[in-house]
Amino acid sequence: MARILRDIFYKTFNVEEEIDEDLFLATVRTFDRATDEGFGIRDRRDPEHDFYEQIRGNNEVFSAFRTHRMQNDIASQLLDEKGKLKPFYRFEEDVQRIIGTYNTAWLETEYDTAVIRAHQAADWRVFERDGDILPNLRWMPTTSTEPDPVHAQFWGIELTLPKGHRFWKSHRPGDRWNCKCSLEQTDEPATSEYGIPLSDYIPSAGLDNNPGEDAKIFSDTHPYIANAYPTADKAVKDFLERRKG
């Protein structure tokens with residue numbers, strides 16, 4: 001971070017149009033570790049190897065957007081209240097809160113959630129494979145010490161529905177930060193349509209997808225992407241293309 005701060009302060013790279021390689025690598029390696037922990041490392045002989053590689057590819061996209069957002073948030077602190085460049089020592093002090101937020105508070109939650117969602121993606125792949133034998137999914141109780149009250153109403157009644165039911169398109173374990181609920185495959189009877197709880201339930205931004213279907217641990221509605229700086233799309237595209245080249 002000390003090197004990155006100096007590069008931003010002395011403008012040795014363009015924070016709007018470029019992405020810091022080291023910060024990106026530190027970020028993507030974190031989410032790849034979470035993927036390996038939750039989904040499992042899959043070699044070329046594994047039938048899920050291609051899907052595993054898709055997840056890792058999407059981790060690169062997410063990490064590039066995260067890096068672009070972080071480096072631009074840091075750069076936003078370069079000027080003082082009068083619009084003049086701060087002395088480096090003051091700039092360095094002023095960005096510590098931003099660095100702490102990204103590298104500790106947010107990253108810990110993101111990592112834990114990524115592990116959970118990667119594991120749920122692996123489960124979903126099994127659900128698809130075994131759907132003819134065990135066609136229904138049951139919402140299982142959370143292991144969290146602070147249960148989400150919305151999710152609690154689902155596992156509280158042992159909600160059980162076919163894997164293809166529309167309910168699973170907008171309600172799933174893992175669609176709230178640090179959710180520790182899970183699904184279990186079963187051949188037991190499904191819950192009556194009249195027994196499905198009604199609510200104005202909205203998944204958290206970035207968690208409204210099914211990672212077992214699109215191979216994205218975090219969706220494109222995540223604020224790093226949805227609320228990115230104006231130049232982020234091009235910067236991410238150019239950066240990832242250069243890495244492939």
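**A first look around the model**

Student: Leaving aside its neighbours within four places in sequence, which residues is Thr186 in contact with?
Tutor: Quick ground rules: this is a predicted model, where local features need pLDDT of at least 70, side-chain atom pairs count only at pLDDT 80 or more, and totals for chains, interfaces and linings use all residues. Residues are numbered from 1 along each chain as its sequence is written, and side-chain values use heavy atoms, leaving out hydrogens and water. Contact means heavy atoms within 4.5 Å. With those close neighbours set aside, Thr186 touches Leu134, Pro135, Asn136, Arg138 and Thr160.

Student: Is Thr186 buried or exposed?
Tutor: Buried means under 20% relative accessible area, exposed over 50%, and partly exposed in between (1.4 Å probe, protein chains only). Thr186 has a relative accessible area of 7%, so the label is buried.

Student: Which residue of E2 is the bridge partner of Arg138?
Tutor: Strand E1 (residues 136-140) pairs with E2 in the antiparallel sense, over three bridges. Over in E2, the bridge partner of Arg138 is Thr160.

Student: At roughly what angle do the axes of helices H2 and H3 cross?
Tutor: Axes are lines fitted to C-alpha atoms, for helices over the stretch in contact, and angles run from 0 to 180 degrees between N-to-C directions. H2 (residues 21-38) and H3 (residues 49-75) have axes that come within 8 Å, and they cross at roughly 140°.

Student: Which residue's backbone oxygen does the side chain of Ser63 reach?
Tutor: A polar contact is a pair of N or O atoms within 3.5 Å; within protein, one must be able to donate a hydrogen and the other to accept it, and residues adjacent in sequence count only if both atoms are side-chain atoms. At 2.8 Å, the side chain of Ser63 reaches the backbone oxygen of Asn59.

Definitions and conventions:
Pairing = 2+ DSSP bridges. Helix = DSSP H or I, 4+ residues; strand = E, 2+ residues; numbered from the N terminus.
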